[in-house]
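Visitor: I have some questions about the labels used for this model. Please take me through them.

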Amino acid sequence: MFMSISTTGSAESPATDLGFLLHKHPGKVQRFTTSHGEAHVFYPEAGDELCTAALLLDVDPIALVRKGRGKGRGGSPDFALAQYVNDRPYAASSLLAVALRTVFRSAMKGVCQARPELPELARPLRIALPAVPANGVGEGGGPEMVARLFEPMGWRVEAEAVPLDEAFPEWGESRYVRIELAAESVRLSDALHQLYVLLPVLDGAKHYWVAPDEVDKLLAAGEGWLADHPERALITRRYLSRRWSLTRAAMERLELARLAEADDREVEEIDNAVADEPDEPAQEIPGAPTGTAPASDDPGNPGNPGNPANPEAPAPGKQPSLAEQRRAAILAALRETGATKVADLGCGQGELIGALLKDARFTGILGVDVSVRALRVAARKLRLERLPERQAARVTLAQGALTYTDARLKGFDAAVLCEVIEHLDLPRLPALESAVFGSARPGAVVVTTPNAEYNVRWESLPAGAVRHADHRFEWSRAEFRAWAERVASAYGYTVELRPVGPQDPEVGPPTQLALFRTATDTAAGTTTGTTTDTAAATTADTDTITATTTPTPEGGEPR
């Protein structure tokens with residue numbers, strides 16, 4: 001199999017700089033041993049204006065058979081005949097991709113000790129591949145697939161199907177394509193990485209067993225271009241030989257990389273909803289007496305242990321945590337709206353989804369989070385694979401960023417942002433408002449966030465510090481009210497503010513909740529953009545517990 005790489009230059013920037021980039025001298029013919037044959041690198045032409053480097057891979061098909069390759073799963077599509085006749089020595093495939101990595105390893109890394117500035121310089125390149133299998137049964141193979149794969153990255157593509165026999169044109173075209181790629185400005189390392197991924201993709205068959213570490217290889221070689229490629233699903237699926245578990249893992253990581261790049265953040269910054277260490281044990285409720293139940297006999301009280309209709313009710317004598325009180329307040333608000341289809345936006349590890357599943361009135365539940373790890377933990381904790389089919393059909397988990405409009409979020413009766421907004425940088429908050437209140441526009445939106453005034457009651461929290469390392473801000477009651485009123489007015493909602501957790505007479509509750517409703521879903525007589533404060537109302541104080549103990553900060557912000 002054969003491939004050539006050409007570049008042009010001038011006396012000031014000679015084309016022979018290609019030799020420095022490839023770490024192969026233009027005046028020599030060099031031979032390298034690969035796992036499947038001998039690779040030869042030579043230069044048919046080397047001058048200041050034009051330089052061409054050629055890679056010839058001489059594959060021994062008998063050696064492939066002896067090693068057990070070239071057949072079976074992941075091998076040649078014609079594996080029944082592969083021991084006798086195969087295209088591995090002639091057509092550029094995964095064997096050539098492996099040879100690229102072996103022979104041009106330093107060039108792919110973008111390293112050049114002799115001329116350190118060269119690897120970062122983009123230059124004109126032309127790459128010729130005389131024979132490439134372009135299999136695409138059901139996926140549009142041939143020259144069309146070549147164009148779909150290379151053109152989005154800026155390559156000019158000339159792809160021509162090779163006839164089965166030029167003497168007999170009526171026999172039609174073969175599955176092989178003659179390819180020439182040209183780009184005016186591209187880094188050599190980027191071009192080699194793209195070839196390393198896309199040659200096996202075009203071939204559609206690998207000569208070796210695809211193990212889980214192939215996901216890491218794909219993402220490393222695809223860094224900077226694969227996440228935004230319009231055919232990334234096709235590329236991922238075919239590169240990983242259609243192993244669906246690996247494909248799913250790779251697609252999740254690619255989506256995370258795409259979202260991180262869009263927000264100009266590191267992946268670790270947005271995939272932090274799940275701690276690397278085990279969960280900390282639940283802590284006592286701030287300001288609540290240990291070992292006592294909520295002080296209420298109201299059957300509608302979300303904290304009433306005698307209320308069988310409430311899935312969040314604690315066991316008799318057990319004090320609910322702040323996270324449990326928060327979920328109970330959210331469930332109460334959702335029940336008031338009459339919602340049956342609910343989207344939990346920023347669902348984390350799925351605690352709220354678990355509570356929603358226990359209530360049959362919620363027939364459709366969508367959990368969205370940017371963190372792949374969080375969604376995996378949620379699926380495991382919810383035991384989605386073990387749920388009865390009817391129960392499992394009620395729940396969908398999806399990866400997504402809430403700062404971008406998403407058609408999947410439309411059509412829900414209510415949406416929940418439980419301890420989410422404080423994890424966004426303030427300049428990004430308007431984007432979330434537009435995506436949720438403007439584009440998705442559910443009938444109701446429930447938002448909870450910490451009350452910064454209450455932080456003085458946390459003895460272990462340093463003065464001026466926030467409750468969680470990832471919090472970008474924490475608002476006072478007045479600041480939260482101002483934000484809620486502005487959003488309600490801007491998007492045609494009414495809003496009602498409620499306390500969650502023990503009500504302190506000086507600094508208020510530890511958590512504050514806002515219930516937004518569209519004007520059409522609000523009771524008659526309520527005007528758009530109005531605010532109702534129910535801090536003093538009996539129904540809103542059902543979660544309030546008299547403070548008699550020293551509070552300690554909650555750990556890990558469970559939702």
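Guide: First, a definition: axes are lines fitted to C-alpha atoms, for helices over the stretch in contact, and angles run from 0 to 180 degrees between N-to-C directions. This is a predicted model, where local features need pLDDT of at least 70, side-chain atom pairs count only at pLDDT 80 or more, and totals for chains, interfaces and linings use all residues. Residues are numbered from 1 along each chain as its sequence is written, and side-chain values use heavy atoms, without hydrogens and water.

Visitor: Why is helix 6 called roughly perpendicular to helix 8?

Guide: Helix 6 (residues 188-203) and helix 8 (residues 232-239) pack at about 75°, with axes 8 Å apart. Angles under 35 degrees count as roughly parallel, over 145 as roughly antiparallel, 65 to 115 as roughly perpendicular and the rest as oblique. Helix 6 is therefore roughly perpendicular to helix 8.

Visitor: What makes helix 15 oblique to helix 16?

Guide: Helix 15 (residues 429-440) and helix 16 (residues 477-491) pack at about 50°. That angle makes helix 15 oblique to helix 16.

Visitor: Why is the pair of phenylalanine 168 and tryptophan 171 called stacked?

Guide: Rings of Phe, Tyr and Trp (its six-membered ring) pair if their centres lie within 6.5 Å; planes under 30 degrees apart count as stacked, over 60 as edge-to-face and the rest as tilted. Here the centres are 4.6 Å apart and the planes at 10°, so the pair is stacked.

Visitor: What makes tyrosine 454 and tryptophan 458 edge-to-face?

Guide: Their ring centres are 5.8 Å apart and their planes at 75°, so the pair is edge-to-face.

Visitor: Why does phenylalanine 168 count as partly exposed?

Guide: Its relative accessibility is 36%. Buried means under 20%, exposed over 50%, partly exposed in between (1.4 Å probe, protein chains only). So phenylalanine 168 is partly exposed.

Note on methods. Helix = DSSP H or I, 4+ residues; strand = E, 2+ residues; numbered from the N terminus.
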